[in-house]
Amino acid sequence: MSIGQFAYAMNSNRFMACAPLNKQTFALAGVPFDGAVTNRPGARFGPQEVRRASLMFCDGIHPVFDVSPIDHLGDAGDMRLPNASGLAEVRSQIQSQALALMTAHHCVFIGGDHSVTLPLLRAARQGVSEPLALVHFDAHCDTWTQHFDEPSGHGTWTYEAIQEGLVSAEHTVQIGLRSSGDRAARQYVQDQGGLIYAARQLRGLDGDGLSGVIDNVLARIGQRPCYLTLDIDVLDPAFAPGTGTPEPGGLSTSQVLTVLEGLIPLNMVAMDCCEVAPAYDHAELTSNAAATLIWTYLSGQASKSIHPVAASGGRLRG
Ligand SMILES: [Mn+2]
C-alpha cells in the first residue's frame, strides 16, 4: 500500500477502509440503536467509532490466520432505523434489513445496545432449519424475564431467543458472566441444559489454560449453525471502559482473543459486537478492542474460505 493509499484509508468511514458492499463474501453493517438500555446510553455511536479504530488494520495480515479479510469484505453502512418509534418497530426494521444482507453474505453487525441481537437472531434463524447454537460473551446473563417492569430490553434477549426457538438452549454457551442478578436469571441457560463459564471460573486462565474451555465449547456445539454475540462489557472495564453497564472483574482482551481464535472452527453464520459507548471511553481502548475482536473473527472466517479444507460453511443456506 502506497503512502497515498494509506492516507486515503485513514479517512475512510468503512470498516478497515474496505470497499462499499457489493458481492463480497462478508458484509459489515452498523445497528445504531440504544433505546433499550437500563443504565448509560450512547451505544448508538458505537459503529462509527469501531470503524474508525479498525482503520489501522487496512493493510494488516492476521498473525494467526495469515490472511486479510479486506478483499472479501464490504461495508453496508449503518441500518436506517426509526429510533423514536418504539422497540418493536425498530426490531422489525433491523430484522428485515439484516435478512436482506444475510441471504447474500456472511454478516458482522456492530451495535447498538444488546437488544438488537434478538432481531438479528430472528433473521439468522430464517436461514437455517433448526434452532441455532449461540456463543454469548457478556458480563450479563441477559436472561431476565422482564426489564424493570417492561417486557423486553437489552437484558432479556437471550431468554426471549430461547423461548422463541431461535437458539437451542443445550447449544448455548455463555462466557464471562459476573453481574448481580437473581439466581433464576443468572443460571437460566445452565438450568435449560446450556453451558456457562462465569468470569470467576476463568480467573487466572489464559493461553493453554483456556484449551479445556475451548474444547468443551467445540464439542458441545459441533457443526450446528452457530451465531456469535460479543458484548464488549465481557472485558474488564480496565480493557473496555466505554460501555453502558461496566462490571469490574471481567476478562482480559487476551483471554477473549484466545477463546475467539479457538472457536473459529465452529460453523458460524454471523457475528455481532454490541454495547460500545464511545462517550465513556478513554484513549479509544474500547473501540480498539472491539475492532480487534471483529477483525479476528473476519480473519478466521476468511482463512476458512481461502483454505477450503478447514471450511465448514458460513453463508446462510436456503
Ligand atoms: Mn452486558
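**View 1. The open sheet of 9 strands.** In this predicted model, an open sheet of 9 strands with parallel pairing has the order β1-β3-β2-β4-β9-β8-β5-β6-β7. Its edge strands are β1 and β7 (195–198), each of which pairs on one side only. Strands (E, at least two residues) and helices (H or I, at least four) are DSSP runs numbered from the N terminus, and two strands pair if DSSP finds at least two bridges between them. Residues are numbered from 1 along each chain as its sequence is written. Because the model is predicted, local features need pLDDT of at least 70 and side-chain atom pairs count only at pLDDT 80 or more, while totals for chains, interfaces and linings use all residues.

View 2. All 6 of the 6 residues of β2 are buried, a residue being buried if 20 or more other C-beta atoms lie within 10 Å of its own, exposed if 12 or fewer, and partly exposed in between, with C-beta atoms placed from the backbone. In a regular strand the side chains alternate between the two faces of the sheet. Both faces of β2 are covered, with F26, L28 and G30 buried on one side and A27, A29 and V31 buried on the other. The pairing of β2 with β3 is parallel and runs over 4 bridges. Within β3, D78 stands opposite G30.

**View 3. Helix α2 on the sheet.** α2 packs on the sheet and touches β2, β3 and β4. Its direction makes about 115° with that of β4; axes are lines fitted to C-alpha atoms, for helices over the stretch in contact, and angles run from 0 to 180 degrees between N-to-C directions. The helix spans residues 46–54 and is mostly covered, since 7 of its 9 residues are buried. These buried residues are G46, P47, E49, V50, R51, A53 and S54. They pack against β2 (26–31), β3 (73–78), β4 (106–111) and α10 (285–306), where contact requires C-beta atoms, placed from the backbone, to lie within 7 Å.

**View 4. Strands β5 and β8 with helix α8.** β5 (residues 132–137) and β8 (residues 226–231) pair in the parallel sense over 5 bridges. The bridge partner of V135 is L228 in β8. Helix α8 (residues 211–221) lies across β5, β6 (167–177), β7 and β8, and runs at about 165° to β6.

**View 5. The crossing of α3 and α4.** The axes of α3 (residues 87–102) and α4 (residues 117–125) come within 8 Å and cross at roughly 40°. The two helices are therefore oblique to each other; angles under 35 degrees count as roughly parallel, over 145 as roughly antiparallel, 65 to 115 as roughly perpendicular and the rest as oblique. α3 passes α4 in a right-handed crossing, a crossing being right-handed if the near helix is turned clockwise from the far one by less than a right angle, and left-handed if anticlockwise. From α3, the residues R91, I94, Q95, A98, L99 and M102 meet L118, P119, L120, R122, A123 and A124 of α4. The residues of this contact divide into 9 nonpolar, 1 polar and 2 charged, with Ala, Val, Leu, Ile, Met, Phe, Trp, Tyr, Cys and Pro counted as nonpolar, Asp, Glu, Lys and Arg as charged, and the others, Gly among them, as polar. T103 lies in the loop between α3 and β4 and counts as partly exposed, with 15 C-beta neighbours inside 10 Å. T103 and A123 are 20 residues apart in sequence, and their C-alpha atoms are 9.3 Å apart in space.

**View 6. The crossing of α9 and α10.** The axes of α9 (residues 253–262) and α10 come within 10 Å and cross at roughly 15°. α9 and α10 are therefore roughly parallel to each other, and their crossing is right-handed. The contact joins T253, V256, L257, L260 and E261 of α9 to A289, L293, T296, Y297 and G300 of α10. The contact residues comprise 6 nonpolar, 3 polar and 1 charged.

**View 7. Backbone features in loops.** M16 has a positive phi near 60° and is a residue other than glycine. M16 is found in the loop between α1 (3–9) and β1 (19–20), where M16 is buried, with 25 other C-beta atoms within 10 Å. E284, also not a glycine, has a positive phi of about 60°. E284 is placed in the loop between β9 (268–274) and α10, and counts as partly exposed with 15 C-beta neighbours inside 10 Å. The peptide bond from G111 to G112 is cis, with omega near 10°, and G112 is found in the loop between β4 and α4.

Definitions and conventions. Two residues are in contact if their C-beta atoms, placed from the backbone, lie within 7 Å.
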